[in-house]
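Student: Please walk me through this model in short turns. I would like the cut-offs stated as we go.

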Amino acid sequence: MRGAAGAGGTIGAVTETANQPVAEEPAAAPAEEPVAEKPTAEEPVEEPVVEQPAAAEPAEEPVAEEPVEEPAIEQPAAEEPAAEEPAAAEPAEEPAGEAGDKAAPEPGAGIGTPIPSVATTGGLNSGDIVSGVVTAVERREVELDLGSGRRGVIGSRHWTAGLDVDLTGEVQVGDPVEAAVLVREDHKQRIVLSRSWGRQQRAWELAENARKTGEIVSGTVTDAVAAGLTVDIGIRAFVPASMAGDDDLEALVGTEVECKVTEVNQLKGRCILSRKAALRTRDRQAARKRLSELTPGMKLRARVTKVEDFGALVMAEGNLRGRIRRSELSWFRVRRPGDVVAVGDEVEAVVLHTAPAKMNLDLSLRIGDDPLKAIRPGERHEATVVSLAPFGAFVTVGDGIKGLVPTAELAEVPIRHPREVVVPGDSVLAEVTKVDRQRRDLEFSVNLAVLVRPADQE
């Protein structure tokens with residue numbers, strides 16, 4: 001009885017209180033206990049049956065006191081409820097987990113199970129560029145024959161970048177079209193293509209080849225800012241202001257320009273162009289063509305742009321850069337090119353030599369016949385002193401023919417410096433004593449010119 005009371009204290013207390021007067025009747029008490037107490041004991045028993053899951057005292061005590069053994073014993077019991085509820089729990093959770101692991105089949109589940117790709121057997125991958133012939137045109141899509149039994153389709157939004165166009169006005173049946181592979185197939189077993197992406201892929205390839213070869217590319221200027229120009233060459237490219245040339249940038253918007261590719265980075269979507277480099281290349285090409293048309297002996301008008309020790313640099317007509325060596329500045333020896341020409345002088349020159357491949361043009365100011373051919377030793381000329389030097393005086397005769405009168409030939413008596421007898425501007429009678437046509441030297445003597453000869457007396 002105490003063991004039963006320990007298990008159910010409430011039942012024991014009620015039993016003892018109700019049976020105390022009956023304890024004196026030993027015969028009746030045991031007979032009534034099974035009948036009277038059984039229903040009484042069953043009524044309280046119903047309460048623990050209902051309350052036991054809520055209180056969970058018997059289930060929690062063993063788990064808390066024996067954490068190792070009880071979970072191991074109760075593990076199958078815990079799995080049984082999960083197995084008993086397959087319709088509510090497991091079927092709903094398993095597809096959700098599979099959808100997270102396989103994202104591709106899930107979106108297509110509403111349309112139909114994806115069909116194994118013909119493109120895979122054909123060796124095509126996403127991004128490959130293919131060509132096909134248009135077999136059908138609708139407003140929203142174009143169907144292509146790619147050969148080998150494969151069909152492709154291009155949607156209207158993949159025809160031109162950034163635009164959704166009516167394809168019936170863009171292409172006709174039989175037209176060839178180049179496009180890039182986007183995905184494997186659609187629900188009609190057609191390979192989905194993108195013409196706009198294919199053009200971009202091809203434009204990147206052309207830009208990279210142009211960068212390597214130095215080829216000039218053409219594009220339309222779409223925008224102009226202070227930093228430079230945005231140019232469409234199939235892809236979006238940029239021309240920095242320092243490489244755009246001297247033109248007004250705003251005036252170039254909407255026009256087609258030629259540029260050279262200086263940098264390409266497809267991963268970063270970066271393409272840098274230089275319009276100046278293209279303009280220089282075009283100028284050189286035009287100059288080479290004009291140089292090839294020149295022949296030695298042709299006369300050109302030129303403007304002196306720079307004077308150096310070796311001679312002078314000029315800009316000839318037709319924007320041809322040339323040079324005049326010091327030996328070609330005059331028929332006579334030139335000590336300093338600055339004595340003959342100056343920057344800005346307009347001169348007439350004759351073509352000596354051209355090298356179009358090297359962009360070389362050699363000119364000469366020696367036009368006409370060599371004046372030294374008409375000079376003979378022994379001839380007397382009226383000469384004008386132009387400059388003095390310790391070794392003699394420089395004089396000119398005739399039409400710019402220049403020569404030297406040594407100091408010893410200026411006077412009959414010895415002198416230390418030419419200024420003792422002449423000054424620049426003086427006119428003297430001089431006799432030709434030496435003519436060196438190869439070295440362009442001409443010498444005179446005043447002493448010999450004043451001598452009276454028998455021939456002169458006659």
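This is a predicted model: local features need pLDDT of at least 70, side-chain atom pairs count only at pLDDT 80 or more; totals for chains, interfaces and linings use all residues.

Tutor: Residues are numbered from 1 along each chain as its sequence is written, and side-chain values use heavy atoms, with hydrogens and water left out.

Student: How many helices and strands does the chain have?

Tutor: Elements are DSSP runs numbered from the N terminus: helices are H or I with at least four residues, strands are E with at least two. On that basis the chain has twelve helices and 20 strands.

Student: What share of the chain's residues is buried?

Tutor: Buried means under 20% relative accessible area, exposed means over 50%, and partly exposed lies in between (1.4 Å probe, protein chains only). The chain has 458 residues, and the buried share is 32%.

Student: What percentage of the contacts with a separation of 6 or more comes from residues 24 or more positions apart?

Tutor: A contact is a pair of heavy atoms within 4.5 Å. Among contacts with a separation of 6 or more, residues 24 or more positions apart contribute 56%.

Student: Which residues touch the most other members of the largest nonpolar core?

Tutor: A nonpolar core joins buried Ala, Val, Leu, Ile, Met, Phe, Trp, Tyr and Cys residues through side-chain atoms within 4.5 Å. The largest one has 22 residues. Elements giving it two or more residues are α9 (195-213), β6 (216-225), β7 (228-232), β8 (236-240), β9 (256-265) and β10 (270-274). The members touching the most others are Leu-229, Val-231, Cys-271 and Leu-273.

Student: Where do Arg-190 and Glu-141 sit, and how many residues apart are they?

Tutor: Their side chains meet in a salt bridge, N to O at 3.1 Å; the rule is a side-chain nitrogen of Lys or Arg within 4 Å of a carboxyl oxygen of Asp or Glu. Arg-190 is buried at 3%, whereas Glu-141 is partly exposed at 21%. The pair links distant parts of the chain: Arg-190 in the loop between β4 (176-181) and β5 (191-194), Glu-141 in strand β2 (residues 141-147), and the separation is 49 residues.

Student: What separates Arg-202 from Glu-205 in helix α9?

Tutor: These side chains also form a salt bridge, at 2.9 Å from N to O. Arg-202 is partly exposed at 29%, and Glu-205 is partly exposed at 38%. They are three residues apart in the helix, so the separation is about one helical turn.

Student: How many salt bridges does the structure hold?

Tutor: Another pair is Glu-308 with Lys-306, at 3.1 Å from N to O. Shared partners join Glu-141, Glu-143, Arg-151 and Arg-190 into one network. The structure's count is 14.

Student: Is Ser-148 buried or exposed?

Tutor: Ser-148 has a positive phi of about 55° although it is not a glycine. The residue is in the loop between β2 and β3 (150-155). Its relative accessibility is 72%, so Ser-148 counts as exposed.

Student: Where is Asn-319?

Tutor: Asn-319, not a glycine, has a positive phi of about 55°. Asn-319 is exposed, at 62% relative accessible area. Its place is the loop between β12 (311-316) and β13 (320-325).

Student: Which residues form a nonpolar patch on the surface?

Tutor: Patches take residues with over 30% relative accessible area and no salt bridge, joining like charges within 9 Å and nonpolar side chains (Val, Leu, Ile, Met, Phe, Trp, Tyr) within 5 Å. Areas follow the Shrake-Rupley method with a 1.4 Å probe; for residues, only the protein chains shown count as cover. One member, Leu-448, lies in helix α11 (residues 446-450). With about 230 Å² of accessible area together, the patch is Leu-448, Val-450 and Leu-451.
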